[in-house]
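Trainee: I would like to learn how to read backbone geometry and helix faces from a model. Please go through some cases with me.

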Amino acid sequence: MLIKRKTGGPGRTFHPAMAIGDTPKVIDRRAFLRNSGLVAGGLAAAGSIQLGSVRKAQAAGSSAIGPAVTIKKNICTHCSVGCTVTAEVVNGVWVGQEPSFSSPINRGTHCAKGAAIRELVSSDRRLKYPMKMVDGQWTRISWDQAIDEIGDKITGLRDKFGPDSVYWLGSAKFTNEAAYIFRKFGAFWGTNSVDHQARICHSTTVAGVANTWGYGAQTNSYNDIRNAKTMIILGGNPAEAHPVSLQHLLSGKEINRANMIVIDPRFTRTAAHATEYVRIRSGTDIPVVWGILWHIFENGWEDKEFIAQRVYAMDDVRKEVAKWNPEEVERVSGVPGEQLRRVAETFAKEKPATLIWCMGATQHTVGTANVRALCILCLATGNVGKPGTGANIFRGHTNVQGATDMGLDVTSLPLYYGLVEGAWKHWARVWDVEYDWLQSRFDEVPAKAGRKARSRKESMESPGITSTRWFDGVNLPEEQVDQRTGIKAMMVFGHGGNTVTRLPEAVKGLTKLDLLVVADPHPTTFAALDARRDNTYLLPICTSLEMDGSRTASNRSIQWGEQIVKPAFESKNDYEVVYRLAAKLGLADQMFKNIKVVDGVPEAEDILREINRGGWSTGYCGQSPERLKAHMRNQAKFDLVTLRAPKDDPEVGGDYYGLPWPCWGKPELKHPGTHILYNTNLHIKEGGGTFRARFGTERNGVTLLAEDSFAKGSELTDGYPEFTMAVFKKLGWDKDLTADETASITKTGGANIDAVSWATDLSGGIQRVCLDRGVTPYGNGKARANAWNLPDPVPVHREPIYTPRPDLVAKYPTRPDERQLRMPNIGFSVQKAAVDRGIAKDFPIILTSGRLVEYEGGGEETRSNPWLAELQQDMFVEINTGDATDRGIKDGQFVWVSGPENNAKAKVKALVTDRVGKGVAFMPFHFSGWYQGNDMRKFYPHGTDPVVLGESSNNTTTYGFDPVTGMQETKCTLCQIRAV
Amino acid sequence: MRRTLTTFRTLVAATILTATVGASSTSFAQQTRDGLNPTGQNPTAESVNEEFLFKQDPKITGRISIPDGKAAHLIQPAGRDYRDFRERWLPWLSALAVLGAVALLGLFYFFRGRILMERGPDTGRKILRFNGFERFAHWMTSSCFIILALSGLNYIFGKRLLMPLIGADAFGVVAQYAKFSHIYLAWPFMIGVALMLVLWLKDNIPNKIDIAWIRAFGGFVGDKHPSAGRFNAGQKMVFWMVIGFGSAMSVTGLMMIFPFALTDITGMQLMQVIHALIGIAFIAGILAHIYIGTLGMEGAYDAMGSGKVDLGWAKVHHDLWVEEEQAKNASGPQLGRHQVPAE
Amino acid sequence: MARMKFLCDADRCIECNACVTACKNEHEVPWGINRRRVVTLNDGKPGERSVSMACMHCTDAPCAAVCPVNCFYTTADAVVLHSKDICIGCGYCFYACPFGAPQYPKVGNFGSRGKMDKCTYCAGGPEPDFSTIEYEKYGSNRLAEGKLPLCAEMCSTKALLAGDGEMIAQIYKQRVIKRGYGSGAWGWKTAYRETVAI
């Protein structure tokens, strides 16, 4: 907290008491000047550093603070907290950053990255113009040449190998609008292999959470954690990954004297602020959660009423939990039963309690199961759907939530419609194109390796290859890849090359690709691995600070960012690049049919309007650009804890900040958005809701609809299915629809008008009527403790592929080998081989990875920023004091970290610390530019090398994929460490 | 027998195996319970505080990620002692040393006056005492010393004496040049000290004659001149002072020129204190040397001026050296049996 | 009017380094000069705490006392500033400073440490407010604009407090009462010869 900023007026008013009082030598500046008779210049200037760049001084002219300063607001491009960035712009140059006090999310504050974000835009280490590799040399080319050549090449590949041979990797740093048109581009190109970083951060969360209660997102918000009386942070280090969120957590801890329990293999900066720290063995989250539930069920601390009304099949969970008595939990995870009893009692009794998790839970071969177990813990204790409770999932990048929502996902079209025929038809209507034409864009796959042939329609409805396996899609024999050929070209937009595990395999893949295109503000690791000689292009893309557009923060609030300055150098924004590529391929007229294009650049506002027109399923329909801009103008009016503006405000009255989705109906309905999901204590028009009836109405004779539970003010006082015209007709509610709405529904439904639902009704009529009658359009269902469609319907413990406890593998093996997402997943064979070969003896240390506060993601961007780079100049491995002593390793010296696959080794500095327990090592994953001990700096195009380079942690990571989402295993493998 | 042996072997192997398995499982249990593992403890309740840390160590030190090691010290109140020394004691000590030396020499001059050359038969004849190279070494060192001393004293007295006189601006310029000269002239000074060590070491080894010389108070008191070699005990003392203080100043000075290269903040403060204390003692000592070499004694200056001294003077003050020189060099002025004038 | 101070609430500081980069951003401080830094004590062990530290703008500042050229002055807001025109880069203030605040650019050959640079409490230097020369030598002058130091304004958890000593002590006291324990006003005894009484 700061004292309130003074408005204007001199800051240095003379205070007589000060002069007379305890400070003897008070001289004001002018007096000092007078006394010293200072003159500027001369010898005096020698040896002085020059602060303030020439750039800034020139832009500012003679006076640094003049009337020419304009203020622009955008959103920090780093993590998902969604901090507002307030920029001071003079003559088109971004000269300064001011605290954004009016934002209810960050309230003026930033972390190291946000406070240094100005340098991201002004950095002279950015990619300045399009480049092409000719015989291993980077050569400057023009945009026209780049688009022409790339367009010709991918068309050639498409003709020869089919559309699936080109892989489209998008970005969580896209704005919603860019993510949307990128996904749309994928659909028009004819592939579902369109992915982005959510794959490697929270894909398992999305799958696990959505399969439990309906939507795959944070249920509450950062601000709402202030209401919690107990918070468990499992597998997350928000102090480094989401520092501004800690403002809300620590305030809650103070105000409510809340319990803050951190469960993690590593004593993190977050753990240092916890009231209880539980150290577990990496990869034993399910035993620990079941261990907690064991105490809850044993003592009857569960919320019986909540379970009866709103949860399906909790008894199935009881059976599994019964196996996890305190002794077995301690044997497997190392956590004493007595401690878990304490945690269980706190979480179940000191309510409201919230569960926060991050990549420590998700990046595992059992990621989805982990997430499911965590949801079940919330359900068992009734900690969902109320203030201060919920699954507070802290997502990663600035717009990873939005990019996921927009369908940069191999399994879905925008807004979670999936890939089924109905979804395609819905989007064909929104896009105003023929469904049959879209289908014709997809590939026919011949039968191979015993698998049946696939028609165009089946290809269209078959999930693509995940980003974690792209190089397997290149390297594996083609009959193992479930499409016409393997991957021949990578189109990488805003995605690091070092963020996926098994980097040595990726290098092999890079050498084999026919074409590599990297469109990014920086060259990224893809360009600097020295794997290619030709057919490699770099396209300079501006940061999202240099463009208009909306971003969805982790709490589902959507914030509009305005362009701060024009794109630097020759860089262009994502909209323009996608448009030009579409134009080159002859798709632009179709794709941008209903979107305004100004001077070759599609307008962000108009793209958002198209999203609004199609985004019914997730409530992305009410957030018009006008409303979002009004929110940015009126930030100060929103309450810190409820995120709500006063009802009487003319512009944003009653709205929740950023209209967190679902924001039902058309913008004119002025739905306030939903701050807390599934909250039955509020009317749906006030942001209330129920669990989503997504999985049918009954299973094996047991109802899947809520019992005696409904949102406040609902006309239906029991569970109900999702609303379709059929249901409407039964209830007689179809009469509430206006003539226009009925006409639109009739047009949509055609022969089968009854099938038109709340999600496919383009008129918004169904949602409007639902709101008026106080019901949730998606129905009122039960959350599922048993998700029968998942590989492990009730989560079971499975040892990591490379486990330090081979003795447990027989009892808790990983899942059998199977095929998922067009690829084989041979985790079982790999685990078996590792156990048989005694890998755990040669590689006795558990290797886990995570974030540093100064860097983000693959780190090219942040490591190019000298203000951040100065703070972390070396890649390191955290090694326990005991392990270091055993190996004669001193703090700060170079060591080799070797891994069990590919003879992988990494030369890094040792950081000897007790943050990690004995037998555990930790590496941050942001480094690249060194490869297996070699400095790769010379392979970057001249002048674009990041300030700090280092080994990538993924040099040494190993095999292992979640069966549902293809999530990689980054948190638990084995390694050996030796002094250099 | 053979069978017993086999059984025994199996038994041993089994024991080893059990031991290994046992060891590995206990080590895992320990991993979660030993002192390294904070499991079960409440990190908030046990947070460190200033008082506790100060009891353990006078400065509070932690971990930082920037390579600047000295930034790892969070608070080091020892700076207070340094300040106390520098601002409270050092000005008085140095004033006392410098002015005290001047005053003593003044008193000496007042009572003893200038030691005049005793006229004798050899008066007027010259003997070479220091060759050109020796004089070069001396003057290089001494001129550097004077500037170093003045610029050094400026660190203590500049703001107290000079600044009020010439104003902050002019003083800023002077002080900046003074600092540059202090750092740059330190190098020729150090070379000079090293040269003098090489040139004059053999003549400055203390011996028995020195004891007699000291007993006779070097001839300053009374009329008799004690015998002396090339350098008398007094001069040897000056030599060893220059070597000793000079090296101490060099070492501490270098440490300050390359701050924190070898030592931490405490070491740096200590270097400062040593440098200042020896510096003022050095200045006081050299003042005496300058006095005796110029104003205090007639004929002494020539040794470093022209390099040649009056033979008569030399015979009185460095009789053994003159003997040695003349024995070495027959062409030079001879001292011999016939040196004693015929009665 | 006010006696400006810094107070870092260690119970909230999470070593996010926002204060450090905010300072770099506001004043464009070059590589190697760290006007502010965060030190983590008891790293990796229970009781670990991080503290953000810069010039504390001491009462009776030791740097000013030992300066051989008297280049320091204290403003009416009790901010300790210095003139780079007078400073000779001798390094004495670093030896006297309890907080390791003074920084020196390496500008010349051996030994010629450049002129000292340190936290100005975002209050510029002796040159006229908002002049280009002031900005180039000392960075921006937020205090004269009626704003507080950016490090504190941007602190992610509002651990670092800046402002009038009594007001920030009051804020800190309220927090301590709310949460039931203190974290110590790090450096206050050394800098201001007092601590926050609860």
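**Reading loops and helix faces**

Mentor: A:Pro662 sits in the loop that runs between α29 (625–633) and β21 (698–699) of chain A. Helices here are DSSP runs of H or I with at least four residues, strands are runs of E with at least two, and both are numbered from the N terminus. The model is predicted: local features need pLDDT of at least 70, side-chain atom pairs count only at pLDDT 80 or more, and totals for chains, interfaces and linings use all residues. Residues are numbered from 1 along each chain as its sequence is written, while chains are lettered from A and ligands numbered from 1 in the order in which they are written.

Trainee: Which form does the peptide bond from A:Trp661 to A:Pro662 take, cis or trans?

Mentor: As a general idea, most peptide bonds are trans, and most residues other than glycine have a negative phi. The bond from A:Trp661 to A:Pro662 is cis, its omega being near 0°. Another cis bond, also with omega near 0°, leads from A:Lys351 to A:Pro352. A:Pro352 belongs to the loop between α16 (337–349) and β12 (353–357) of chain A.

Trainee: Where is A:Gln932, and what is its phi?

Mentor: A:Gln932 is in the loop between β31 (929–931) and β32 (934–935) of chain A. Its phi is positive, about 50°, although A:Gln932 is not a glycine. A residue is buried if 20 or more other C-beta atoms lie within 10 Å of its own, exposed if 12 or fewer, and partly exposed in between, with C-beta atoms placed from the backbone. A:Gln932 has 20 C-beta neighbours inside 10 Å and so counts as buried.

In chain C, Glu28 also is not a glycine, and C:Glu28 has a positive phi of about 50°. C:Glu28 lies in the loop between α1 (18–27) and β2 (36–41) of chain C. It is buried, because 23 other C-beta atoms lie within 10 Å.

Trainee: Which residues of helix α14 of chain A are buried?

Mentor: An α-helix has 3.6 residues a turn, so residues three or four places apart point the same way. In α14 (residues 314–322) of chain A, the buried residues are A:Met314, A:Val317, A:Glu320 and A:Val321. They fall within an arc of 115° seen down the axis of α14(A), so they line one face of the helix. The arc is that of the directions from the helix axis to the C-beta atoms. A:Asp315 and A:Lys319, on the other side of α14(A), are exposed.
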